[in-house]
Amino acid sequence: MHHEAPLREFMGLTFNLSNVLMITIASLIVFIIAVLSTRSLAMKPTGIQNFFEWVMDFVKGIINSTMDWKDGGRFHILGITLIMYIFVCNMLGLPFGITYDGTLWWKSPTADPVITLTLATMVVGLSHYYGVKLKGVKEYGRDFVRPMWFLFPLKLIEEFANTLTLGLRLYGNIYAGEILLTLLAGSLATGVGGHLAAVIPMLAWQGFSIFVGAIQAFIFTMLTMVYLAHKVSHDH
Amino acid sequence: MLTSSLVLGAAGGGFNSGDILFQLVTFIILLALLKKFAWGPLMGIMKQREEHIAGEISAAEQSRGEAKQLLEEQRTLLKEARTEAQGLIENAKKQGDVQREEIMALARAEADRLKESAKLEIEQQKEQAVAAIREQVASLSVLIASKVIEKELTAADQEKLINEYIQEAGEGR
């Protein structure tokens, strides 16, 4: 049931080779899909170009719902990449998992809290960077004591809470989905009857996991834009 | 069992600090590559289309305005042409009337002149004829008279006649 992670030490850092592999695969898939679908661009879009233009407009809608396009336009590419990457990551662990010699190799990279928290920290870090860049150090610092000075500790806690919840929400949803898939596949499927009995809940849960994966990718991007907007917009 | 080798498991324990770095670097590389190769061109074409559409709309508006102006121009031209044609027809009619009057007057005058000259000629002919007849009558009467005289006049009578004539001629003077 419980599989070992392929941990390796390298230059004083611990690498989970399974994560490294899956991150690379997810990135490659996103890159290949994106490049292939934008090879033959036309003024009159067809097929896959339509889909990607829809994705762009979708992310644009997310950004527009949280901030001015004048401020938010610079996050467009970040948003598209985030939503595509997280969606592909979430999907990777769904069809199967591969274990070799008792170690787990194929899974969703987002089923690891370290990965999701890295993304979350990156997003929050970016929000601070753009907060300072767009509003100046003074305005940025003043935001911490608004609307009342004694809210400063809460504001400080908020930053860490944002990071934690952003990362752990994604991790929790995907990890739970994979756990349940594992349970269904591993515990229920013991023999021919068990296989047959497991098929229907497996199908149902995989379908639901696709939905959850898409929703989580959307929520992650949405919250990214909310946090960024919170830092960069002037009107509050 | 096949399924048990294909199942998912929980993530392993231990803090895998290297993954953080790897994820971060990979994501940034992915971001940069996608910006250069996928999203950049896609955004470019979307922007290009936006501009194209905007341009087309303004061009359509412009050409619509032009068409409207042209239509107005054509309408005025048509109206002008119609009035002009009306005027031309009127003029032609008037001119025709005038010409008809002229021609008729001319014809009448010609006819009068012809009638007059014909009358004159007829008169002349009549006079000539009358003169000729009169001449013939005179000569005939002389002839007849001479014939009568030849037959009945004697020398005594002739003498007497001559004397009478002489007498008469002397008294007349």
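Q: Which secondary structure elements does chain A have, and in what order do they run?
A: Helices (H or I, at least four residues) and strands (E, at least two) are DSSP runs numbered from the N terminus. In this predicted model, local features need pLDDT of at least 70 and side-chain atom pairs pLDDT 80 or more, while totals for chains, interfaces and linings use all residues. Residues are numbered from 1 along each chain as its sequence is written, with chains lettered from A and ligands numbered from 1 in the order written. Chain A has seven helices and four strands, and from the N terminus its elements run β-β-α-α-α-α-β-β-α-α-α.

Q: How do I read the packing of H4(A) and H7(A)?
A: Two packed helices are described by the angle between their axes and the distance between the axes. Axes are lines fitted to C-alpha atoms, for helices over the stretch in contact, with angles from 0 to 180 degrees between N-to-C directions. Here the axes of helix H4 (residues 76-92) and helix H7 (residues 192-232) of chain A come within 9 Å and cross at roughly 155°. That makes H4(A) roughly antiparallel to H7(A) (angles over 145 degrees count as such).

Q: Which residues make that contact?
A: Two residues are in contact if their C-beta atoms, placed from the backbone, lie within 7 Å. H4(A) contributes residues including Gly79(A), Leu82(A) and Ile86(A), and H7(A) residues including Ile210(A), Gly213(A) and Phe218(A).

Q: Is Leu228(A) buried or exposed, and which residues is it in contact with?
A: Leu228(A) lies in helix H7 of chain A. Leu228(A) is buried, because 28 other C-beta atoms lie within 10 Å. Beyond its neighbours within four places in sequence, Leu228(A) is in contact with Phe75(A), Leu126(A), Ser127(A) and Tyr130(A). Tyr130(A) is 98 residues from Leu228(A) in sequence, yet their C-alpha atoms are 7.7 Å apart in space.

Conventions:
Angles under 35 degrees count as roughly parallel, over 145 as roughly antiparallel, 65 to 115 as roughly perpendicular and the rest as oblique. A residue is buried if 20 or more other C-beta atoms lie within 10 Å of its own, exposed if 12 or fewer, and partly exposed in between; C-beta atoms are placed from the backbone.
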